[in-house]
Amino acid sequence: MEIRYRFLLLKSRPIRRSVGFWLLIALLPWQSLSAAGGMESGREPVILPDLDRREIVEPEIDTEDFEISLFAGALSIEDFGTNPVYGARLNYHLSEDFFLEADAGYSRASKTSYELLSGSAQLLTDSERDFTYYNLSLGYNLLPGEVFFGKGRTFNTHLYLIGGAGNTTFAGDDHFSINLGLGYRFLLTDAFALRLDVRDHIFDSDLLGEDKTTHNIELSAGLSLFF
Amino acid sequence: MNPMASAHPHLSLIYLLPLWLLSTLAAAEERYREVEISAPFIELQTGPGRAFPAIHAVGRGERVEILKRRTDWFKLRTHKGVEGWVHLDQLSGNLDHQGEPLRLDAPRLDDFSRRRWEAGLLGGYFEGAALLSAYGGFALSQNLSAELAFSHALGDVSSQLMADINLVAQPFPEWRISPFFTIGTGLIHTRPRSTLVQSEDRTDQTANVGLGARLNLGRRFMLRGEYKNRLVFTSRDDNEEYSEWKLGIAFFF
């Protein structure tokens, strides 16, 4: 291009030379712009990947340390028969070995054999028959393992020990209670699990006249979700 | 136009919501963090625990996706589609998408000063009665946090339910055994034992001051012990003063 301009400027007559000169002036900014454009397009592959990389937002890793479960089962309330029990549990897995659990359950005491035989005598009012409890417990995954179904299916399981303290409200009073138990967690998938629990809720009661330690054994099955 | 949609505009929302949820789920499923293995190899196990057997080895230079995390275990998927779990210690130090060593969150004592949330379960004594307590806290600064605590004291004569808002100051959060001071206010609900005394339930306001210490157990867990002096503003002539102490496990994240 430059050679052509020089040719134009040198070889043309004065009037033409000035036209050529103005032409050159008019063309110069274009020339510089297109040169800049050329430079930009030349740099493109160098700069843009850097910018792209900075724009990548790393996806968060999904952490699933909490487990929530609903359960139903049977609770043997000492002196008051065996009754259905329902409840919920929330677990936080501290490590592969230990987990914390907060749970709450509800049951309703049926009549004692004395109440049934005597006919009309009532030891507890209707609202006093409600048996509610909550516990704060620590669990330990004692036996992690696997269960095999046929050739191709494997499920992870945990046999765990659990124990803690809480409150049991029964017969209209709050009782400090201790719970001890054994449980089995059967992981259907990574997120869903079946749970079987045996729990003994132990508390002191003076309901039948004298202080005694009552054992209230609970058998339950539940479904849990990790999140 | 669909007459159903015009008659029940919310119906279309009902149809759209699951679609939207599905689309977000699908979108979420598509993107996982990628890691290039720079260790000679890592072993994938069948479950998130040391007892589960290794089923697959991933060699140097292979890329894997991190599907999820449970405690210190990560579920990975190789480009061949093999899935398995690997421990934090094996995975960290491999290369991230920029070729830098992968930094995975493995909380240590130093991280306590950067905590946002804290929670714990404690047990102890409240004037001779058994005490159960749970709390959650939010860090306002490195040294100061606000806590919401629920406690239940179970005595022979009565039981007390307490809810408190506390301000907790930790002058030395970086110490392994770190002392703290609390001040707070709340409500106390007293329920007398029905078999012993015929008395009404009552609710009073309380204020408390306390001191305690936190011992770091490693990782994100700590042992927490505290003593509190609690003043109950009763409707009678004299206020009541109680002392309580408790000990328990707490964790931060």
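**A hairpin in chain B**

In the hairpin formed by E7(B) and E8(B), two residues lie between the strands, and Glu127(B) takes a positive phi near 50 degrees. The labels refer to DSSP runs numbered from the N terminus, a strand (E) having at least two residues and a helix (H or I) at least four. Strand E7 (residues 117–126) of chain B and strand E8 (residues 129–139) of chain B run antiparallel and are joined by ten bridges. Two strands are said to pair if DSSP finds at least two bridges between them. Within this pairing, Glu118(B) has Gly137(B) in E8(B) as its bridge partner.

E8(B) also pairs with strand E9 (residues 144–154) of chain B, again in the antiparallel sense, over ten bridges. These strands, E8(B) and E9(B), form a hairpin with four residues between them. The bridge partner of Leu131(B) in E9(B) is Ala153(B). Strands of a sheet pair through backbone hydrogen bonds, either parallel or antiparallel.

**Basis of the model**

The model is predicted: local features need pLDDT of at least 70, side-chain atom pairs count only at pLDDT 80 or more, and totals for chains, interfaces and linings use all residues. Residues are numbered from 1 along each chain as its sequence is written, while chains are lettered from A and ligands numbered from 1 in the order in which they are written.

**Domains of chain B**

For chain B, the domain assignment gives domain 1 (32–106) and domain 2 (111–252); such bounds come from an automatic or database assignment. The C-alpha centres of domain 1 of chain B and domain 2 of chain B are 41 Å apart.

**The barrel of chain A**

In chain A, eight strands form a closed barrel in the order E1-E2-E3-E4-E5-E6-E7-E8, with antiparallel pairing. On average, neighbouring strands of this sheet are turned by 25 degrees against each other, direction ignored. The axes are lines fitted to C-alpha atoms, for helices over the stretch in contact, and angles run from 0 to 180 degrees between N-to-C directions.

One of the pairings joins E6(A) to strand E7 (residues 192–205) of chain A through eleven bridges, the two running antiparallel. Here Gly183(A) stands opposite Asp197(A) in E7(A).

**Contact between the chains**

The contact takes 30 residues from chain A and 34 residues from chain B, where residues count as in contact if their C-beta atoms, placed from the backbone, lie within 7 Å. On the side of chain A that touches chain B, strand E4 (130–149), strand E5 (153–170) and strand E6 (173–187) of chain A each supply at least two residues. The largest share of that side, five residues, comes from E5(A).

Key. Two residues are in contact if their C-beta atoms, placed from the backbone, lie within 7 Å.
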